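Here is a short briefing to read beside the model. Keep the 3D view open as you go through the points.

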Amino acid sequence: MKSCGVIVEYNPFHNGHLYHLEQAKKTTNCDVLIAVMSGNFLQRGEPALVDKWTRAEMALNHGADLVIELPVQFSVQSADYFAKGGVALLQALNCDSLCFGSEEGTGADFKRLAHQVEAKQAVIDEAFQSFKNNGSSYPVQMNQAIKSVLPTHSIDLMQPNNMLGFSYAKEILKAQSSMEIKTVKRHLAQFHDESIEEKTIASATAIRKELFNPSDSFEEIQKVVPEDVFQFISTTEYVGWENYWEFLKYRVTTMSLSDLRGIYQVNEGLEFRLKEKVKEAFDFNEFIQLIKSKRLTWVKIQRLCCYILLNLTKVEMAEKVKQVEAIRVLGFTKKGQEYLKIKKKQLEIPLITNINQKNQHLVDLDIRAGFVYQMGKTDQKINQDYRRYPIRKK
């Protein structure tokens, strides 16, 4: 069975995602579409609007055949680690191709740039040192370094999907994988667009903004998401950072400076600033504004807040990001189930469809994240991991 993989978040699933899945199938002519999807906490350092099971079901309803969870140690990360986890899971499943959305460029363009950067890595690293202390964020500095060494390359790495795509291409090259790379150009809406306007496709950013600030009883949203998704998100509870603000504030307030310093990515005396500003902030957004600087971007601080909220330490993260430890299945169609049966004997890491005492250590951070995620919801009784089996669709 020919397979194509996508690495996704679906926060929430919308018409642009539907277009991506349709184009991925059309471009690769695959039999099975595998979605590696972030769990309950996402790449931009946010809790998902709705839980991973609900989002997995949305994916299965609209073209995915198999949904695999991207572990939290990879999902709440910058592009390189996010790509490392996603590509490793697709590689473990012997996936034939990866298809991602980009602002520009073909699969061949991304592959070529990955080869060029690998060949010039030492020179780029040296160039990076000259930009390191210019006050810009790491992604800006790295883009400047690459551009200074490879001035004629055609992909704008300041575009978020291009940067992710480049990271996927680097990981595929590093793994010496035969996985093909295919791209789908973003259609009608850009990643950071904050308004829906008169469109049939809008960015997830614009949809989330409308959800938290509804002006017309979700009428704008109805135009840009599938009908079943609209029915769900217009009638159910969804969460954002404000649902977790009191928990985060408690953590920062009661942790010692030493414990805060031990949290992943808390560096350069940031623990003192966190302690100081948490006393001044009225809500989560104000807390981010008080911490934010030119080098500490909004997204980077949000990720940092996730690490604090979930108590992800430097020690355990250093170990957990070395490799993907298991394939956690969230759901499948009949085709997806058949694919797993064919590939099961070839798998080099465990396949998890049910968490138990023997395998729980392989997904312990996701179990922790699931418990914390439920704390922000009205119904805290719904278990995110134990006694949960893959969703089955015909």
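**Strand β3 and its surroundings**

Five bridges join strand β2 (residues 32-38) to strand β3, and the two run parallel. Strands count as paired if DSSP finds at least two bridges between them. Helices (H or I, at least four residues) and strands (E, at least two) are DSSP runs, numbered from the N terminus. This is a predicted model: local features need pLDDT of at least 70, side-chain atom pairs count only at pLDDT 80 or more, and totals for chains, interfaces and linings use all residues. Residues are numbered from 1 along each chain as its sequence is written, and side-chain values use heavy atoms, with hydrogens and water left out.

**Pairing of β3**

- V36 stands opposite I68 in β3.
- β3 also pairs with strand β6 (residues 327-332), in the antiparallel sense, over three bridges.
- I68 stands opposite V329 in β6.
- β2, helix α2 (residues 52-61) and β3 form a right-handed β-α-β unit. Right-handed here means that, with the strands pointing away from the viewer, the path from the first strand over the helix to the second runs clockwise.

**Burial of β3**

- Five of the five residues of β3 (residues 66-70) are buried, so the strand is largely enclosed by the rest of the structure. Buried means under 20% relative accessible area, exposed over 50%, and partly exposed in between (1.4 Å probe, protein chains only).
- L66, I68 and L70 are buried on one side of β3, and V67 and E69 on the other.

**Helices α14 and α15**

- Helix α14 (residues 270-280) packs on helix α15 (residues 284-291) at about 140°, with the axes 9 Å apart. Axes are lines fitted to C-alpha atoms, for helices over the stretch in contact, and angles run from 0 to 180 degrees between N-to-C directions.
- The contact involves L270, R273, L274, K277, V278 and E280 of α14, and E286, F287, L290 and I291 of α15. Contact means heavy atoms within 4.5 Å.

**Loop residues**

- F218 lies in the loop between α9 (204-212) and α10 (219-222). F218 is buried, at 15% relative accessible area.
- Leaving aside neighbours within four places in sequence, F218 contacts L211, F230, S234 and Y238.
- Most residues other than glycine have a negative phi, and most peptide bonds are trans.
- Y10 has a positive phi of about 55° although it is not a glycine. Y10 is buried, at 2% relative accessible area.
- The N11 to P12 peptide bond is cis, with omega near 0°. P12 sits in the loop between β1 (3-8) and α1 (15-28).
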